[in-house]
Amino acid sequence: MLADASLGRYWTIAAFSTINFIGMCTLTLVASVPSLTPTECVASSCPSATAAQSAVFFFGLYLVALGVGGINPCISSFGANQFDDTDPMERVQKGFFFNWFYFSVNIGALISSSLIVWIQDNVGWSLGFGVPALLAGVTIASFFSGSPLYRFQKPGGSPITRICQVLVASFRKWNLMVPTDSSLLYETQDEYSVIEGSRKLEHSEELKWLDKAAMMSENDMTTRDLFNPWKICTITQVEELKILIRMFPIAATTIFYSTVYAQMSTVFLEQGMMMDTSIGSFRIPPASLSMLDVINAIFWVPVYDRIIVPFARKYTGKERGFSELQRIAIGLFISVLCMSAAAVVEMKRLQLARELGLVDQDVAVPLSILWQIPQYMLLGAADFFAYVGRLEFFYNESPDAMRTLCSAVPLLTTGLGNYLSSLILTIVTCLTTKGGKAGWIAKNLNEGHLDYYFWFFSGLSFVNMLMFILFARKYRQKNSS
């Protein structure tokens, strides 16, 4: 909201990058300065941190969270703003930008989950925090160094205020009939919209009750309230709200995909811990398999750009091979396969536990953890299609002056998906443990039925995919002029 309303994406990125940098420096100090670090453990006695030490530590953590929250929705939209939609070549390049933006994010995730974690475990937390802090500083310098090359878009004012104005203006005229001729609705005669940095939007036939906000009543003319936005709004302003309402079902049906993705860091790990993690003398930590998701995502970017897009373009006729909604649908379909693969592996694991008489024993089953690779690989492929598709969709379909706000929607659906995952887990546990039963997700997974849980998720994913396809087929893309 800050970026769209007043600061603009450039200064929002600059401000919140600085906040993130200060947070990382604070964490580095906490790990380096003895007075900010709790006293070392003596035998099994570990003194608690003082109130001041805890305050400084959490201050640093919250600064990082605030900084990242301000940066993430702006980075992708500001990067996409560097491409001119009216230029056919740059429009195609913008599609590739989202792919390579996703590639860069996963490169960062790979470095942080391998090199930085190794430094923290083997060298120390001071350097483990210090290296990311240094990189955060380099990032800020790199961002500012490109300033002379950037294309800037002026902020268009508060999008929330404009939404409220449309709702209030339409409510004021609830008893009026909307004219069948859209040319009778109010719009400026200027080449550009009254909203700073926004192109005009063409009138659409959906949600016609909102068109009342753009009707000029006799009272508006006699009281000279023609330019009061709380009484009369332009067609473009009304269409902004219509676009947000039309995008809502798409956003809602992508929440469950994030719920599926959340299983990678929860039940997938639980499953892996009950499998054979040894390969010869080497042991694979179950959590390390999550790196396959990152590696797989990195693999898909060049393959998609160089092989899949040219091939798909011949059949779909689309510049980027698939539309944004088609990419999301492909990702949702692959997520169904992912949960099905996890269920099949769990069925095999439980069968082996029964054959070896290990059902009552809370021990790992001699089934190699490498059998989990397909589900991690499928999840990585699903994430590539669904995540990038969501980024492109919410950027391209958003009104010009609301692009940062709409670019935050995929992040919002990710957060809601994680909360939904916790809710489903709680409900399933509660229902399946009635009557003293072990439940699907028992403390001892060998006597539980984690396979039922995976099949349940696979079924929900399939239903969610069908709902998404239904809404996507009915979706009407925006028109701007």
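Over the face of which ring does R327 lie? In this predicted model, where residues are numbered from 1 along each chain as its sequence is written, R327 lies over the face of F384, at 4.9 Å from the ring centre. The charged end of R327 also sits over the ring of Y304, 4.2 Å from the centre of that ring. For such an arrangement, NZ of Lys or CZ of Arg has to be within 6 Å of the ring centre and within 35 degrees of the ring normal. Local features need pLDDT of at least 70 and side-chain atom pairs count only at pLDDT 80 or more, while totals for chains, interfaces and linings use all residues, and side-chain values use heavy atoms, with hydrogens and water left out.

Turning to the overall architecture, the secondary structure of the protein comes to 15 helices and four strands. These are DSSP runs numbered from the N terminus, with helices being H or I of at least four residues and strands being E of at least two. Along the principal axes, the C-alpha atoms fill a box of roughly 85 × 55 × 50 Å. Of the 481 residues in the protein, 47% are buried; here buried means under 20% relative accessible area, exposed means over 50%, and partly exposed is in between, with a 1.4 Å probe and protein chains only.

Rings of Phe, Tyr and Trp (its six-membered ring) pair if their centres lie within 6.5 Å, and planes under 30 degrees apart count as stacked, over 60 as edge-to-face and the rest as tilted. By this rule the count comes to 39 aromatic pairs. One of them joins F97 and F98, an edge-to-face pair with 5.5 Å from centre to centre and 65° between the planes. F98 has a relative accessible area of 1% and is therefore buried. Elsewhere, Y10, W11, F78, F143, F144, Y150 and F152 form one aromatic cluster.

R390, L391 and F394 in helix 12 meet V409, P410, T413 and T414 in helix 14. By class, this contact has four nonpolar, two polar and one charged residues, where Ala, Val, Leu, Ile, Met, Phe, Trp, Tyr, Cys and Pro count as nonpolar, Asp, Glu, Lys and Arg as charged, and the others, Gly among them, as polar.

M377 is also found in helix 12, and at 32% relative accessibility M377 counts as partly exposed. Leaving aside residues up to four places away in sequence, M377 touches L292 and N296. M377 and T413 are 36 residues apart in sequence and 22 Å apart in space, C-alpha to C-alpha.

Several loop residues complete the picture. L207 and W174 can be taken together: L207 is in the loop between helix 5 (159-172) and helix 6 (218-222), and W174 is in the loop between helix 5 and helix 6. Most residues other than glycine have a negative phi. Phi of L207, however, is near 50°, a positive value, and L207 is partly exposed at 26% relative accessibility. W174 is exposed, with a relative accessible area of 60%, and the C-alpha atoms of W174 and P366, 192 residues apart in sequence, are 69 Å apart in space.

T86 is placed in the loop between helix 2 (51-80) and helix 3 (88-122), where T86 is exposed at a relative accessible area of 61%. P285, in the loop between strand 3 (282-283) and helix 10 (290-316), counts as partly exposed at 47% relative accessibility. Between P285 and Q237, 48 residues apart along the chain, the C-alpha separation is 53 Å.

Note on methods: Contact means heavy atoms within 4.5 Å.
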